[in-house]
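Please keep the sequence and the model in view while reading.

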Amino acid sequence: GLAGSTSGSTAGGTQIYVLTSGLSTIPKQNKRDSMNTSELLCVFGSLENSVTAYVQNDTVANCTTPAISGSTSYNVSLYYGSKLFAAAHAAFYFYDCAEELKCASCINPLKPECGWCLSSQKCVKENACPDSPPANKTCPFIKSIKPNSGAKEGGTIITISGGPFVQNQDKGSPLQCSFDNLIHKNATIIDRSTITCISPSYDVGPSQIQLTSGSDIYHTGYSPIFTFYSCGVRTTCASCYDSDARSECLWCKDTQVCGIA
């Protein structure tokens, strides 16, 4: 059987442990402290997918998975001297991180070696991302927004706290703020935990804000509401400056109209 990892990236490099008996019969040159280790092999499905195996003790041998083309499962066996030494009682599943096109499906406990590379907006094996840290186990999320309301004419600078935020290298898929998934405004990254977006011109009422990049919507369990209001509904100077009036409303003495500051 197998102990430890039972799945890993198609890029290879996952350490696995094969449990069997009779490893005490393997000559000294196949022990882990020897240079000559070419005879004992971990074989994944067929001999063309084989790598050197090392004896840990009388019942455990370990090896590093090879690179495999495409997601698939292989039974793992031990071969010694090109002959079957021990057949595996479990399969090892190879998964391709690149097949996952969205952050939510990339961050998957069944694919522990995959991480979302924020700068490329791709699902990769962790050490294949130039970001620091190399690849994230968390999709970008919103913790809070300020302010949570603005004039329907737009132009309000909304500061969003959360993260992690990294500049996307793909200019065609920038990080954006989505308003009801209808209007998208490019985000300005301040640091890894802060971005700003400028509100669009929008109908009066509440609007759900989400983070998007290209076709990917980051579903993080919290989508704050930004409320668009109209200063023009206030018809007197007093009501324009009432305590419940919005901060961007300003009374124009010349036109006798409550408008945006």
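## Thr196 and its surroundings

Leaving aside neighbours within four places in sequence, Thr196 is in contact with Ile157, Ile158, Thr159, Asn186, Ala187, Thr188 and Ile190. The model described here is a predicted one. Thr196 has its place in strand 18, and the residue is buried, with a relative accessible area of 17%, which falls within the limit of under 20% for that word. The C-alpha atoms of Thr196 and Gln176 are separated by 9.6 Å, although these two residues are 20 residues apart along the chain.

## Nonpolar cores

The largest nonpolar core has 27 residues, and those with the most contacts inside it are Ile160, Ile209 and Leu211. At least two residues of this core come from each of several elements, including helix 1 (103-106), strand 12, strand 14, strand 18 and strand 19 (205-213), while strand 15 gives the most, with three residues. Apart from this core lies another, of 20 residues, among them Cys63, Ile68, Val76 and Ala86.

To return to one of the residues named above, Leu211 touches, once residues up to four places away in sequence are not counted, a set that includes Pro140, Phe141, Ile142, Leu175, Cys177, Ile195 and Tyr218.

## Strand 3 and its partners

Strand 3 (residues 15-19) has a covered face, made of Ile16 and Val18, and an uncovered one, made of Gln15, Tyr17 and Leu19. Strand 1 (residues 2-4) runs antiparallel to strand 3 and is joined to it by three bridges, with Ile16 in strand 3 as the bridge partner of Gly4. Strand 3 pairs in the antiparallel sense with strand 6 (residues 60-64) as well, over five bridges, and here Gln15 has Thr64 in strand 6 as its bridge partner.

## Aromatic pairs

With ring centres within 6.5 Å as the rule for a pair, the count comes to nine aromatic pairs. Two of them are set out below.

| Pair | Centre to centre | Angle between planes | Kind |
|---|---|---|---|
| Phe44 and Phe94 | 5.6 Å | 70° | edge-to-face |
| Phe92 and Phe94 | 5.0 Å | 70° | edge-to-face |

Because Phe44 lies in strand 4 (residues 40-44) and Phe94 in strand 9 (residues 91-95), their pair ties together parts that are 50 residues apart in sequence. Phe44 and Phe94 are both buried, and Phe92 and Phe94 are likewise both buried. Ring pairs link these three residues with Tyr74, so that Phe44, Tyr74, Phe92 and Phe94 form a cluster.

Note on methods: Residues are numbered from 1 along each chain as its sequence is written. This is a predicted model: local features need pLDDT of at least 70, side-chain atom pairs count only at pLDDT 80 or more; totals for chains, interfaces and linings use all residues. Side-chain values use heavy atoms; hydrogens and water are left out. A nonpolar core is a set of buried Ala, Val, Leu, Ile, Met, Phe, Trp, Tyr and Cys residues joined through side-chain atoms within 4.5 Å. Buried means under 20% relative accessible area, exposed over 50%, partly exposed in between (1.4 Å probe, protein chains only). Helices (H or I, at least four residues) and strands (E, at least two) are DSSP runs, numbered from the N terminus. Contact means heavy atoms within 4.5 Å. Two strands pair if DSSP finds at least two bridges between them. Rings of Phe, Tyr and Trp (its six-membered ring) pair if their centres lie within 6.5 Å; planes under 30 degrees apart count as stacked, over 60 as edge-to-face and the rest as tilted.
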